[in-house]
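I opened my notebook to look at how two chains meet.

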Number of protein chains: 2
Amino acid sequence: MSGDRELTPTSYIVLGLLAEEPGTPYDLKARVAAGLGNFWSVQHAQLYTETARLASEGFLDEDRETEGRRRKTYSITKAGRAALSAWLDEDAVGELPEIRDPGLLKVYLGADPKVIAAAQVAAHKARLKEWENLKVALSTFEVPTGPGITLDAGINYARVSVKFWSSLL
Amino acid sequence: MSGDRELTPTSYIVLGLLAEEPGTPYDLKARVAAGLGNFWSVQHAQLYTETARLASEGFLDEDRETEGRRRKTYSITKAGRAALSAWLDEDAVGELPEIRDPGLLKVYLGADPKVIAAAQVAAHKARLKEWENLKVALSTFEVPTGPGITLDAGINYARVSVKFWSSLL
DNA sequence: ACCGTCATGTAATCGGTTACATGATTCT
DNA sequence: AGAATCATGTAACCGATTACATGACGGT
């Protein structure tokens, strides 16, 4: 626990994932890859630094193995849960995402739209297929609401992108 | 001109904007705000550091006023143009944007979808209206292809977002 | 026993954001 | 002439990406 700072999205990702179940940074890496990473990637090194930071701020408890690998397992504290749910509830006003699409950037700066569009259509189609498969695979189980919704959002976005870029061909 | 590095999107934004016409970092700020900033914002401080960096690497020429404000006006060099067009042409393969939508993140991590959706619908609608107005204002003139296309993309994205979040209400 | 790959972590670098600061203009 | 705002720039901090490094384990 030390000097205050504004928590970042990465902080909340860590808190959110640990809120379900304690784990090591490496576990978190796997959890991110399992779903969240599809629309919000996190470098694995961040998971080490961010867990350490959050622990030093009192949002996580750290439990280190005494033998072998001496892995550090983190679990969320009361304060951590409080910070997380404050963030989840706050800000009904909603910040909007920036688009930040590298393809669009190139078009804006003068690239040939048709060339970019061709590549984008292919890439979005590939990702769309991947996500659709994922959805089929998951729909056999109960899909927790949050991840299910974001997957739908991703699929929706990919479809729209394919349509948009196709219109430029 | 010194040690090599990979140019960043910010680098290409600077190069791209200066390719049309030389200017000071402050001019660039205005140009970004005029259009690009709608989908890819750049902090003004970056425009100072990035121009300086690019100049030291030989991609820009720097011309400093000898009197008054001693403003620095930058113009793109041959090497700069070469780097820019290499980037514009390259990578037909296309990296995809990450969604990185804060609203989606909250939903994934357990926020109440309806609450988030309500805020998102409102915010996206506001931005949509703004962009539609912008489009009307611009369509009186000839809109250069690049910016025109990205504006359409933005409008399209906003419409889809409104629809998506509305479906969760 | 060796090799490759997965697991696990630390260190260094660097771009980006925030904060600070001051010189011109314009308006009242 | 003073206040407010726009123009213009520098400095410090910090999170994020990249690179590096080593331990365990499964297979041949």
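**Salt bridges**

I counted 14 salt bridges over all chains, taking a salt bridge as a side-chain nitrogen of Lys or Arg within 4 Å of a carboxyl oxygen of Asp or Glu. This is a predicted model, where local features need pLDDT of at least 70 and side-chain atom pairs count only at pLDDT 80 or more, while totals for chains, interfaces and linings use all residues. Residues are numbered from 1 along each chain as its sequence is written, chains are lettered from A in the order in which they are written, and side-chain values use heavy atoms, with hydrogens and water left out.

I then looked up B:K106, which forms a salt bridge with A:E90, the closest N and O atoms being 3.7 Å apart. B:K106 lies in helix α5 (residues 102-108) of chain B and A:E90 in the loop between α4 and α5 of chain A, so the pair joins two chains. Helices here are DSSP runs (H or I, at least four residues), numbered from the N terminus.

Across the interface of chain A and chain B I found two salt bridges. B:E90 forms one with A:K106, and there the closest N and O atoms are 3.6 Å apart.

**Lysines over rings**

What does A:K106 lie over? I found A:K106 over the face of B:W87, at 4.8 Å from the ring centre. B:K106 lies over the face of A:W87, at 4.9 Å from the ring centre. My rule was NZ of Lys or CZ of Arg within 6 Å of the ring centre and within 35 degrees of the ring normal.

**The interface**

I noted 50 residues of chain A in contact with 52 residues of chain B, contact meaning heavy atoms within 4.5 Å. The two chains bury about 5,400 Å² between them, 72% of it on carbon and sulfur atoms. Buried area is the accessible area (1.4 Å probe) lost on putting two parts together, summed over both.
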